[in-house]
Amino acid sequence: MARVGGLLVYLRTMAIFALAWYGLSLLVGSRLLLPSPLLVLDAVRQSALDGELLRNAGISLLRLVLAVAVAALTAIPLGIAMGLSRAWRDAFDLLVEMLRPVAGIAWIPLALFIFGIGSRLPIFIMFYSAFFPLVIGTAAGVRNVDARLLAASATMGVTGVTRIRHVVLPAALPAIMVSLRLAVAASWTAVVAAELVGAPSGLGYAIEYYRSMLATPTVMAFIAMIGVLGFLTDAGLRALEARLMPWAKDIRP
Amino acid sequence: MRTLRQLALPLALIVLWEILVALSGSPRAPRPSTTALKAVEMLADGTLLAALATSLGRVFGGFVLATLLAVPLGLAMGTLPVVERNLDPLVESFRPIAAIAILPLVILWIGTGNLAAVTIVAYAAFFPILINTIAGVKRIDRSLIRAARTMGISPLTRLRTVVLPAALPSILVGMRIGLGIAWTAIIAAELAVGAKAGTSGGIGQMMFVFYAYSIQLSGIVVCMAAVGLVAMLLDRGLRALLARAFPWSHP
Amino acid sequence: MMTVPNEPKIRLEHVGKMFDSFVALDDLSLDIRPGEFLAIVGPSGSGKTTVLNMLAGLDRQSSGTILLDGKPIAGPGPDRGVMFQDYALFPWQTVRGNVGFGLTHGPAGAGLDRAAREARVARVIDLVNLGGAEERYPHQLSGGMRQRVALGRLIANEPEVLLMDEPLAALDAQTRLVLQDEILRIWRQDQPAAERRTVVFITHGIDEAVYLADRVVVLGSRPGRLKAIVDVDLPRPRNEATRATAAFADLSRSIWELIRDEAIRATVE
Ligand SMILES: Nc1ncnc2c1ncn2[C@@H]1O[C@H](COP(=O)(O)OP(=O)(O)O)[C@@H](O)[C@H]1O
Ligand SMILES: [Mg+2]
C-alpha cells in the first residue's frame, strides 16, 4: 500500500514538473533554448532507435567498470596493507595525501598529452578518481576494526592471511562498500568531463557533440541518460551491499 | 628516521620521473626541475594567483548561493514530511546528474561568463548540502524538541533555536563535501569551456591553454599542484573555521 | 502561586492510553493536590513515562480526561516543566544557555528584561551548585552535573508543576542522596504547604519515593494500571535521620511487597 502511495506521489510530482516545463517551453518558444518535454521524449526515442543512446551509454559504462575494477584491485589491497602495517602506512601516506587533493579532472590536460584522445584517457581519469576514496576508506575501515576481534582470533590461533580473510575483511567490509559507492560516484562525475574534453565516444562526448550541433533535445536526452545510469549504478551497489552484508543494515556514506 | 621513511617513496618517484623524461628526450614533457622553475616564474609574474583568484571567486559565489538555497529547503524537507515526500522525486532525479553534464545547457542559457560558472558551482554544491541538511534534521534527538515544547517555545522559534543548531554538525559536513565538489566542478567547467567553447579564465582554462598552445607542459603540473593545494587548504580552512565557531560539536 | 484549597491541581479521570492495540495504561483515576509531592513507582513498562507525557501535554490520552486547574490539558505549556529521563540538554548551549533557554526563547521570560533574566539564571545556577561551570558545554560535564543542569533548566522557568521522569536514575548513590535533598529544598519543603510547587516524580527507587513524597502511587504492569496509593506521613522537613526511622523502613517494605512479584518477573523475562 505504502509503495503504491509512494509511486502515486512520485508520478504526481514528475507530472507537475513536466507540465511546468511544458508551459515554460511554450513561453520561451524556442526549441533551441528550451525544447518541450515531448520533443525531448522524441529525441530519446530517436537516439534509442538509431542505437546512439545505448551505444554511448554502453561505452561509458564499460569504461566505468574497467576503471573501477582496476582501482578496486589495486586500492583495496593497498588500503588493507596501510591499515594493518605501520611500515606501509609510513611509506604511502604522504604520497596519498599529496595526490588525493588533486582532482582526477585536473589530470585531463596532462593525460591528453600522455594518452591522446581515446578510451585510455577517460579510463585513466576515472581510475584516478576512484582510487583515492577506496584507499582511504579501506585503510580507515581496517584501522577501525575492533582490536578485540583481532585479539580474539589470535587466541584461537587464527593469524596471517586467514585472519585478514575471515576477520579483517568482513569487519572492514561496510567501510569498504561505502567507499566503493563514493568511488563509483566520483568516477561517474569524472567520466563526463573526461569524455567531453578528450574522447571520441561516450555520453560526455555525445552531449558536447549534440550541443555543437545545436540539437538541444538530444543533449537533454543524453543528460537524462547520465542521471538514469548514475542512479542505477548506485542502486545496484546498494543491492550488492545488502547481499554481501546482511548483518549491517543501511549504512550510508 | 620515520620522516625519512615517509619521504622515501615520493622522493624516489620524483627522481624517477626526472630520469625517465630526460631519457625519453621529449622536449614538451614536464619534469620536476622544469616544473619548479615554471612555478617560480608563474608565481613571480602573478598569472597563477590571478587565475586561482578567478576560480576561487566563482567557487565562493556558487557555494554561498548553494548554501542559501539548500539549507532552508533542507530544513523544510526534514521537518515537514509533506514537503519531503513531494520534492524527493525531483531531488533524486537530478542528484545523479553531475554538474559538468549540465554544462552544455548552462552555456546555451547563460553563456560562458562568471554567472554561468557560479551556476555550475551552485548546482554541484547544492545536493550534498541539501541531503546532509535533511539527514541532520531527521536525526535530531526527539527529546530536545520535546524539551523545547514543554517550555512553551513556538514552532518558528524552535526551528531557529533547536532544529537548526541540532542539525548543524550534519549541515557543516554537507558544506565541506559541497565545497570540495564545487572546486572540482569549477575546474572541470573551466577546462571544458576552454577546450570547446572559447575562453573562461580561471585555473582550469589556464591548464588547457598550456596543453594546447605550449611547447613546454610543466605549467600544467604547476596548475595541478595548485589545484591540489587549494583543495587541501579549503578543506582544512573550513574545518578549522567551523571547529572555532561551533566548539560544542566536538565532544 | 494560586491555589484553591481542596481543588485538585491535576485530576485524572479514567485515563487510558493505547499504542495501536497495545494497552499501555488502563483506567487510571487520581487527584494530585496543589503543593503535593507525588511519587510514582512501578516496574518497567508500567506506564510511568506514559502518564508523565500526558501530564506534560506531549501525548494525548486515548480515553478519559485530564484536568489541570479544572481545564483539560491541550498541549505542553510553560505552567508545567519537564525533566526528562535522558536530560535532553541542548549540546550547543553552555550551562548558562541551557538553564536560561526557556527564559530567553520561551514565554517564561516574557515581561523580564535582560538583567532580570540573567539574575534569575545566576540564582538558579547557584541553587543547583553549578557556580564556576557556567561556560561549559554538556559534553564537558559529569553525569551528576548534567543532572543539575537539567534540574536548573526546569526550575528557572518557575513552572507551577514539576514533572520529573526518573531524574536521578543515572547517578551514583552518593550524588543521588545530595540531589534528593536539593529537590526537596527547591520544592520548598521548609515552607508551608500553600507555598510549595506541585511535583510529580517518577522513580524506580522505593526508598527515594518514600523519602521525598507525600504520597506514592504504585503502578502495576501489563497492562499499566493503578495498584495502590500509599500515604507517606513522615514528618517534614525530612533529612538523613528520617531514613533511619522504623516508619521509613515499614513504608518502604510495604511498597516493595506491592511490586515485588512483578519486579522479579520483569527481571527474568
Ligand atoms: N510510542 C510508543 N509506541 C508503542 N508502545 C509504547 C510507546 N511508548 C511506550 N510504549 C509501551 O507502553 C508501555 C509503557 O511504557 P512506559 O510508559 O515508557 O513505561 P515505564 O516508563 O513505566 O517504563 C511499555 O510496554 C512500552 O513498551
Ligand atoms: Mg520510563
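In this predicted model, an oxygen atom of ligand 1 lies 2.9 Å from a polar backbone atom of C:K48. Residues are numbered from 1 along each chain as its sequence is written, and chains are lettered from A and ligands numbered from 1 in the order in which they are written. The model being predicted, local features need pLDDT of at least 70, side-chain atom pairs count only at pLDDT 80 or more, and totals for chains, interfaces and linings use all residues; side-chain values use heavy atoms, with hydrogens and water left out.

## The site of ligand 1

| Residue | Polar atom of the residue | Distance to an oxygen atom of ligand 1 |
|---|---|---|
| C:G45 | backbone | 2.8 Å |
| C:K48 | backbone | 2.9 Å |
| C:T49 | side chain | 2.7 Å |

The protein covers 58% of the 560 Å² of accessible area that ligand 1 has on its own, areas being computed by the Shrake-Rupley method with a 1.4 Å probe, and for residues only the protein chains shown count as cover. The residues around the ligand, each with a heavy atom within 4 Å of it, are C:F19, C:F22, C:A24, C:P43, C:S44, C:G45, C:S46, C:G47, C:K48, C:T49 and C:T50. By class, this shell has four nonpolar, six polar and one charged residues. In this classification, Ala, Val, Leu, Ile, Met, Phe, Trp, Tyr, Cys and Pro count as nonpolar, Asp, Glu, Lys and Arg as charged, and the others, Gly among them, as polar.

Strand 2 (22-32) and helix 1 (48-56) of chain C each supply at least two residues of the shell. Helix 1 of chain C gives the largest share, three residues. Helices (H or I, at least four residues) and strands (E, at least two) are DSSP runs, numbered from the N terminus.

## Chain B against chain C

Contact, defined as heavy atoms within 4.5 Å, involves 20 residues of chain B and 26 residues of chain C. The two chains bury about 1900 Å² between them, 69% of it on carbon and sulfur atoms; buried area is the accessible area (1.4 Å probe) that two parts lose on being put together, summed over both. Of the area that chain B buries against chain C, 35% comes from B:T150, B:M151 and B:W248, more than from any other three residues.

On the chain B side, helix 7 (142-150) and helix 8 (155-196) each supply at least two residues. Helix 7 of chain B gives the most, with seven residues. This side of chain B has 11 nonpolar, six polar and three charged residues.

Between chain B and chain C there are three residue pairs in polar contact, both residues at pLDDT 80 or more.

## Chain B against chain A

Of the two pairs of chains that touch, chains A and B have the most contacts. Here 48 residues of chain B are in contact with 45 residues of chain A. The buried area is about 4100 Å², of which carbon and sulfur atoms give 78%. In chain B, B:L108, B:K196 and B:M224 lose the most area to chain A, together 13% of what that side buries.

Two salt bridges are counted between chain B and chain A; one of them joins the side chains of A:D90 and B:R5 (2.9 Å, N to O). The count of residue pairs in polar contact is five, with both residues at pLDDT 80 or more. Elements giving two or more residues to this side of chain B include helix 1 (2-24), helix 8 and helix 10 (218-245). By class, the side has 36 nonpolar, six polar and six charged residues.

Chain A and chain C do not touch, and their nearest C-alpha atoms are 18 Å apart. Chain A has 10 helices and zero strands.

## Backbone features of chain C

The peptide bond from C:R222 to C:P223 is cis, with omega near -10°; C:P223 lies in the loop between strand 9 (215-220) and strand 10 (225-231) of chain C. Another cis peptide bond joins C:R236 and C:P237, with omega about -10°.

Key: Polar contact = N/O pair within 3.5 Å; in protein donor to acceptor, adjacent residues only side chain to side chain. Salt bridge = Lys/Arg side-chain N within 4 Å of Asp/Glu carboxyl O.
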